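Let's take a friendly look at how charged side chains pair up in a protein model. Have the sequence and the 3D view ready as you read.

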Amino acid sequence: MTPADAAAATPSQRLAALGLALPAVPVPAGAYVPARRHGDLVWTAGQLPLVDGTLTDHGPVGAVVDGGLITPERAAELARVCALNALAAAAAVAGGLDAISGIVKVVGFVSSVRAFTGQPAVVNGASELLAALFGEAGRHARSAVGVAVLPLGAPVEIELVATICSNI
């Protein structure tokens, strides 16, 4: 895709150009909904790095779990998966991915060992994907928070607030 094509492309076209597709919306593990629309905003619940309904990695970033180390680089890849899951949830209530006009806020939770301070770099995995899909409208306010443990033992969880096109 040329720079001119990328500038004119829709978020769904940019997603396809990256070789990605929105996954099915993950089923909530509790008494909540994956996303909630209010006016021209959509808030998502925290999304884990589920692929086909399965958590692919477990444990905190910087710890060896089941013989494998969850590196910051791997955690950033997982944050990208979380962002795709969050976009799928947002798109489901917005009327599709192309109905989303931008991203307002991202909150990233990173389960990490006590000495780890690279949470912002991990959450960049989500932020960079959102910027690639939405351009300047994908740049957002953000929090990157280190926590001891996340649901199901996930290394990372991402939630976001998106804006909806005003004509939808």
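## A linked trio

Asp57, Arg74 and Glu77 are joined in a network of salt bridges. A salt bridge here is a side-chain nitrogen of Lys or Arg within 4 Å of a carboxyl oxygen of Asp or Glu. Side chains of opposite charge can pair when their charged atoms come close.

Keep in mind that this is a predicted model, where local features need pLDDT of at least 70, side-chain atom pairs count only at pLDDT 80 or more, and totals for chains, interfaces and linings use all residues. Residues are numbered from 1 along each chain as its sequence is written, and side-chain values use heavy atoms, leaving out hydrogens and water.

## Inside the network

Asp57 and Arg74 form a salt bridge whose closest N and O atoms are 2.7 Å apart. Asp57 sits in the loop between β4 (54–55) and β5 (64–65), while Arg74 belongs to helix α3 (residues 72–94), so their pairing ties together parts 17 residues apart in sequence. Helices (H or I, at least four residues) and strands (E, at least two) are DSSP runs, numbered from the N terminus.

Arg74 also meets Glu77 in a salt bridge, at 2.9 Å from N to O. These two are three residues apart in helix α3, about one helical turn.

## Buried or exposed?

Asp57 is buried, at 14% relative accessible area, whereas Arg74 is partly exposed at 29%. Buried means under 20% relative accessible area, exposed over 50%, and partly exposed in between (1.4 Å probe, protein chains only).

## Another pair

The structure holds three salt bridges. One of them joins Glu136 and Arg139, with 3.4 Å between the closest N and O atoms. Glu136 is exposed at 62%, and Arg139 is exposed at 58%.
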